[in-house]
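Let's learn to read a structure together, one feature at a time. Have a look at the model below before we start.

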Amino acid sequence: MALLEVQVPDIGDFDEVTVIELMVKVGDTVKADQSLITVESDKASMEIPSSTAGVVKELRVNLGDKVKQGSVVLVVEAAGAAAVPATAAPAVAAPVAAAAAPAPVAAAPAGAASGPIEIRVPDIGDFKDVVVIEVMVKAGDTIKVEQSLITVESDKAAMEIPSSHAGVLKDLKVKVGDTVNIGDLLAILEGTVSAAAAPVAVAASAVAAVIAAPAVVAASTAVASAVAAVGTPAHAPGASTLGLPHASPSVRKFARELGVPLDEVKGNGPKGRISQDDVQAFTKAVMSGAAQTKAQAAKAPAASGGDGAALGLIPWPKVDFAKFGPIERKEMGRIKKISGANLLRNAVLIPAVTNHDDADITDLEAFRVSTNKENEKSGVKVTMLAFLIKACVAALKKYPEFNSSLDGDAIVYKNYWHIGFAADTPNGLMVPVIRDCDKKGVLQISQEMGELAKKARDGKLGPAEMTGATFTISSLGGIGGKYFTPIINAPEVAILGVCKSTMEPVWDGKAFQPRLMLPLSLTWDHRVIDGAAAARFNAFLGQILSDFRRVLL
Ligand code: CAO
């Protein structure tokens with residue numbers, strides 16, 4: 001077993017760069033070319049790869065350390081290699097000649113020129129087809145020498161390409177997403193006569209000279225050559241114009257693949273550097289709804305009390321109510337705010353329609369009352385809502401689209417029947433969920449409902465008791481009213497509103513009969529459900545409620 005020192009390779013003109021990320025730890029097995037650390041200058045960030053495989057025995061750098069060519073990064077035990085003392089001359093990452101042949105570019109006049117000047121991609125080392133990830137200038141801008149024009153990125157390094165000339169930008173030839181190579185035309189500047197002349201031919205020949213220069217780059221130190229390109233003396237690093245958040249190229253790539261806007265991610269590393277963990281945490285927060293991207297916030301309808309500007313609506317009226325009489329202002333509670341925002345989103349985004357109907361529950365109510373009399377001692381009171389839940393499960397099974405959710409262009413049909421019920425609590429509206437209602441009897445559902453409603457009122461419902469519903473019932477039967485239009489509890493696609501049953505004269509073909517009629521209001525998502533299906537659902541529900549034996553069919 002040989003102990004080998006891995007050193008910082010030639011990093012071009014950069015004297016010292018800062019270690020901003022350690023990507024391995026002692027005991028890790030590293031492969032050749034695996035990135036070990038990320039270093040950063042004011043113009044580029046780059047990963048330093050290992051040119052040997054082995055096990056990391058010692059880390060010789062810490063976050064924040066300044067390193068340069070030859071600094072020892074770590075010591076690895078390389079299996080099968082000839083034994084070399086750790087203190088010996090560099091065993092890996094042998095110094096490499098700077099690739100970019102900077103002299104010709106340096107020779108190019110650094111001042112402004114008159115007439116059109118072509119700005120081309122300088123030698124960027126061994127990198128081919130690097131992607132333009134940022135364009136920092138636009139036509140009409142006055143460009144200074146060394147001003148960064150674009151940022152390009154490979155899988156190992158991000159670097160800015162500066163302008164070798166001053167002038168006014170006439171024509172920008174690249175855009176974000178383009179791939180560029182050495183010698184590609186980036187921009188055309190219009191030089192000014194007041195500054196030193198820099199004929200196009202000179203600029204072009206400078207680039208040609210760069211292309212022709214020998215590029216002596218070892219495979220594992222390609223990164224260093226990229227740095228050399230960034231650090232080409234004609235564009236010696238000046239004050240950073242880098243508008244990008246601090247993140248290594250691999251983190252940038254990771255963020256780009258996920259579609260994460262990196263400038264919205266809070267970096268928790270040194271100097272606010274964004275790590276892969278930060279990107280993951282941001283993604284999780286957005287997915288769970290705990291955070292929003294700026295784009296989402298701009299698109300989303302305003303939450304309760306919002307002004308609706310995102311929907312192109314006129315502003316919410318601002319009224320000084322105190323002008324008209326005494327007032328008292330109270331901030332809304334947390335639950336009201338959350339449910340308000342959800343209700344608004346669902347009301348705005350769902351093309352909802354409500355069908356009203358009546359169900360004859362005369363016999364069912366008689367049965368419920370007698371059951372409760374018989375069960376008086378058990379302490380469990382059977383409620384109309386429990387019967388409604390069972391009846392709804394039967395209807396949901398017959399019309400499965402009511403037990404589904406929209407997922408993009410697909411409809412997800414659920415083979416479980418978890419029913420949510422709206423509960424009025426001192427803190428606001430809550431929706432506890434009774435799971436697997438298809439497998440439970442009316443007594444058990446009544447009991448669970450009582451327990452969950454109490455927990456809701458006491459503010460003790462856990463998140464698991466409020467999620468996973470496939471359909472919701474909102475009952476105002478204990479309070480009153482005739483019909484209403486409940487708002488769908490997305491991502492469900494339908495909700496049943498129930499009001500107070502009343503005795504009504506119902507014509508049986510021969511005479512009016514006194515029947516106990518229950519008003520039903522079914523709101524449904526027209527993207528998933530058609531009006532005819534909704535009418536059938538209500539009619540079927542009515543049949544079951546009028547003769548509960550049908551539940552068994
Ligand atoms: N018609 C006539 N009477 C009804 C009825 C109906 N549809 N539903 C219930 N009742 C009666 C009950 O039988 C009970 O009477 P008794 O005390 O004489 O037995 C009384 O009304 C009170 O019932 P309840 O409301 O306590 O019980 P429930 O099972 O019907 O409802 C719960 C439980 C948690 C749903 C209810 O307490 C509640 O919070 N309802 C409000 C839901 C809500 O706010 N919805 C609106 C959402 S949209 O803003």
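Q: Which residues form a nonpolar patch on the surface?

A: Patches are made of residues with over 30% relative accessible area and no salt bridge, and nonpolar side chains (Val, Leu, Ile, Met, Phe, Trp, Tyr) are joined within 5 Å, like charges within 9 Å. A salt bridge puts a side-chain nitrogen of Lys or Arg within 4 Å of a carboxyl oxygen of Asp or Glu. Accessible areas follow the Shrake-Rupley method with a 1.4 Å probe, and for residues only the protein chains shown count as cover. Here L311, L313, V348 and L349 form the patch, with about 350 Å² of accessible area together. This is a predicted model: local features need pLDDT of at least 70, side-chain atom pairs pLDDT 80 or more, while totals for chains, interfaces and linings use all residues. Residues are numbered from 1 along each chain, and side-chain values use heavy atoms, without hydrogens and water.

Q: Why does V348 count as partly exposed?

A: Buried means under 20% relative accessible area, exposed over 50%, and partly exposed in between (1.4 Å probe, protein chains only). V348 has 36% relative accessibility, so it counts as partly exposed. Of the 553 residues of the protein, 44% count as buried.

Q: Where does V348 lie?

A: Helices (H or I, at least four residues) and strands (E, at least two) are DSSP runs, numbered from the N terminus. V348 lies in helix α7, residues 334-349. The protein has 11 helices and 27 strands.
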